Amino acid sequence: MSFGIKPLGNRVVIKKAEAEEKSEGGIILTSSAQEKPQYAEVVAVGPGTKDEPMEVKVGDTVVFSKYAGTDIKFEGEEYSIMKQSDCLAVIEK
């Protein structure tokens, strides 16, 4: 399933989760106080390389390194493209 971005090699395209707008106590947070989550849904994966086969798949929720990837805007949505090695774990539901 392709949505218009096809990552190359061992790269993945992720859509980050939205930042929380309220604290656990119900306080509304300003945009500067909102902590950006470090997990995202994988929306596209590359074919992998002979040295690094792809372990993540479309639909997986992954935890990623804080400063990993390149942020892009495509058709009004924000995505990040990063190497599979920047994905630290898959969250199992």
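**Reading the fold**

Author: Let's begin with the surface: the protein chain exposes about 6800 Å², and carbon and sulfur atoms supply 50% of that. Areas like this come from the Shrake-Rupley method with a 1.4 Å probe, and for residues only the protein chains shown count as cover. Keep in mind that this is a predicted model, where local features need pLDDT of at least 70 and side-chain atom pairs count only at pLDDT 80 or more, while totals for chains, interfaces and linings use all residues. Residues are numbered from 1 along each chain as its sequence is written, and side-chain values use heavy atoms, with hydrogens and water left out.

Reader: How many helices and strands does the protein chain have?

Author: Helices (H or I, at least four residues) and strands (E, at least two) are DSSP runs, numbered from the N terminus. Here there are zero helices and six strands.

Reader: In what order do the strands sit in the sheet?

Author: Two strands pair if DSSP finds at least two bridges between them. In this open sheet the order is β4-β5-β1-β2-β3-β6, with antiparallel pairing.

Reader: Which bridges hold β5 in place beside β1 and β4?

Author: β5 (residues 77–83) pairs with β1 over four bridges, in the antiparallel sense, and V12 has M82 in β5 as its bridge partner. On the β4 side, five bridges join β4 to β5, again antiparallel, with I72 partnered by Y79. The hairpin of β4 and β5 has two residues between the strands, and E75 there takes a positive phi near 50°.

Reader: Y79 has a ring; what sits over it?

Author: A charge sits over a ring if NZ of Lys or CZ of Arg is within 6 Å of the ring centre and within 35 degrees of the ring normal. The charged end of K15 does this over Y79, 5.6 Å from the ring centre.

Reader: And N10, is that buried or exposed?

Author: Buried means under 20% relative accessible area, exposed over 50%, partly exposed in between (1.4 Å probe, protein chains only). N10 counts as buried because its relative accessibility is 12%. N10 lies in the segment before β1 (11–16). Contact means heavy atoms within 4.5 Å; leaving aside neighbours within four places in sequence, N10 touches G48, T49, E52, M54, M82, K83 and Q84.
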